[in-house]
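Subject: Structure handover

Hello,

Here is the structure I promised to pass on. Please open it and keep it beside this email while you read.

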Amino acid sequence: MVIYLDLVFFLNFVADALALYITSRLSGISLNRTRVLAASLIGGVYGVVCSFPFFRSAGSIFPQIMVVAILVWIVFGCQTIFLRLCLLFFVLSCAMGGVFVAFAQSFTELGVSNTLNNLNWKVFF
């Protein structure tokens with residue numbers, strides 16, 4: 001199976017940036033674009049790391065929770081509602097992952113693209 005690491009990085013980067021933006025809008029907390037960029041870059045690198053066979057365990061639930069906490073901490077800092085922000089970000093990420101899977105399945109049924117079908121969807125959270 002061929003995995004395009006640039007595509008994995010880009011999709012994770014965009015998904016993390018979007019989820020962090022929506023988290024800030026729903027929580028009413030303003031955000032710094034530089035911090036969102038930094039957190040999204042880390043999220044993109046995390047997605048690429050999870051794509052390697054010898055780092056498959058990095059995609060399990062406990063490393064994902066740690067990465068969520070790190071990304072939220074980078075963007076929002078130490079807030080009194082830190083756990084709520086982490087949970088909101090995690091739920092948004094899971095929902096967006098479901099949307100990505102739905103698009104991949106619809107593209108596969110139409111025969112448009114096999115690339116999305118070959119991705120390891122576990123790395124998108």
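**What was found**

Start with G77, the residue that follows α3: its phi is positive, near 70°. Helices here are DSSP runs of H or I with at least four residues, strands are runs of E with at least two, and both are numbered from the N terminus.

Some ground rules. This is a predicted model, in which local features need pLDDT of at least 70 and side-chain atom pairs count only at pLDDT 80 or more, while totals for chains, interfaces and linings use all residues. Residues are numbered from 1 along each chain as its sequence is written, and side-chain values use heavy atoms, with hydrogens and water left out.

**The whole protein**

The protein has five helices and zero strands. Of its 125 residues, 37% are buried. Buried means under 20% relative accessible area, exposed means over 50%, and partly exposed is in between (1.4 Å probe, protein chains only). The protein exposes about 7,300 Å², and carbon and sulfur atoms supply 70% of that. Areas come from the Shrake-Rupley method with a 1.4 Å probe; for residues, only the protein chains shown count as cover.

**Helix α3**

α3 has 16 residues. From first C-alpha to last it reaches 22 Å, close to the 22 Å expected at 1.5 Å a residue. That expected span is 1.5 Å times one less than the number of residues.

Which residues of α3 are buried? They are Q64, V67, V68, L71, V72, I74, V75 and F76. They cover an arc of only 165° around the axis, so they sit on the same side of α3. The arc is that of the directions from the helix axis to the C-beta atoms. On the other side of α3, F62, M66 and W73 are exposed.

**Back to G77**

G77 lies in the loop between α3 and α4 (82–110). G77 is buried, with a relative accessible area of 13%. Leaving aside neighbours within four places in sequence, G77 is in contact (heavy atoms within 4.5 Å) with R35, V72 and F82. R35 is 42 residues from G77 along the chain, yet their C-alpha atoms are separated by 9.7 Å.

**A surface patch**

L5, F52, F54 and F55 make a nonpolar surface patch of about 390 Å². F52 is in the loop between α2 (33–51) and α3 (61–76). F52 is partly exposed, with a relative accessible area of 31%. That matters because patch residues need over 30% and no salt bridge; like charges are joined within 9 Å, nonpolar side chains (Val, Leu, Ile, Met, Phe, Trp, Tyr) within 5 Å. A salt bridge is a side-chain nitrogen of Lys or Arg within 4 Å of a carboxyl oxygen of Asp or Glu.

Best wishes
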